[in-house]
Amino acid sequence: VFSDEKFGELVALMKAESWGGVDVVQRLWESDYRDRKIVAGFMKDKAIGAKRLASMPDRMTNTINVAGGGPPACRPTVV
């Protein structure tokens, strides 16, 4: 789902923004995250869940405000 090529693109974008810690992120990707299965290795990981790394971004982006002030549109969750 998230290939080494996509990770390389992400690293380039983080470096272009002068983010600190990119080398740490690369080490974690190479030593741990790149080989994880999506559900068993990421979604069910208690440490990731405790930090809300997957659910909080979803909560912040699942409601779409519509032009004209109408009721918001909701999209299905990916989590």
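The buried residues of helix α1 in this predicted model are Phe 7, Val 11 and Met 14, and they cover an arc of only 65 degrees around the axis, which puts them on the same side of α1.

As for the helix itself, α1 runs over residues 4-16, and its 13 residues, at 1.5 Å a residue, should span 18 Å, which agrees with the 18 Å between its end C-alpha atoms. After α1 comes Ser 18, whose phi is positive, near 60 degrees.

Let me turn to what lies over the buried side. Part of the cover for the buried residues of α1 is helix α2, which comprises residues 22-31. The axes of the two helices come within 10 Å and cross at roughly 170 degrees, and since angles over 145 degrees count as roughly antiparallel, α1 and α2 are therefore roughly antiparallel to each other. From α1, the contact is made by Asp 4, Phe 7, Val 11, Met 14 and Lys 15, and from α2 by Val 22, Val 25, Gln 26 and Trp 29.

Asp 23 is partly exposed, with a relative accessible area of 44%, and its C-alpha atom is separated by 9.0 Å from that of Val 11, 12 residues apart along the chain.

Definitions and conventions
Residues are numbered from 1 along each chain as its sequence is written. This is a predicted model: local features need pLDDT of at least 70, side-chain atom pairs count only at pLDDT 80 or more; totals for chains, interfaces and linings use all residues. Side-chain values use heavy atoms; hydrogens and water are left out. Helices (H or I, at least four residues) and strands (E, at least two) are DSSP runs, numbered from the N terminus. Buried means under 20% relative accessible area, exposed over 50%, partly exposed in between (1.4 Å probe, protein chains only). Axes are lines fitted to C-alpha atoms, for helices over the stretch in contact, and angles run from 0 to 180 degrees between N-to-C directions. Angles under 35 degrees count as roughly parallel, over 145 as roughly antiparallel, 65 to 115 as roughly perpendicular and the rest as oblique. Contact means heavy atoms within 4.5 Å. The expected span of a helix is 1.5 Å times one less than its number of residues. The arc is that of the directions from the helix axis to the C-beta atoms.
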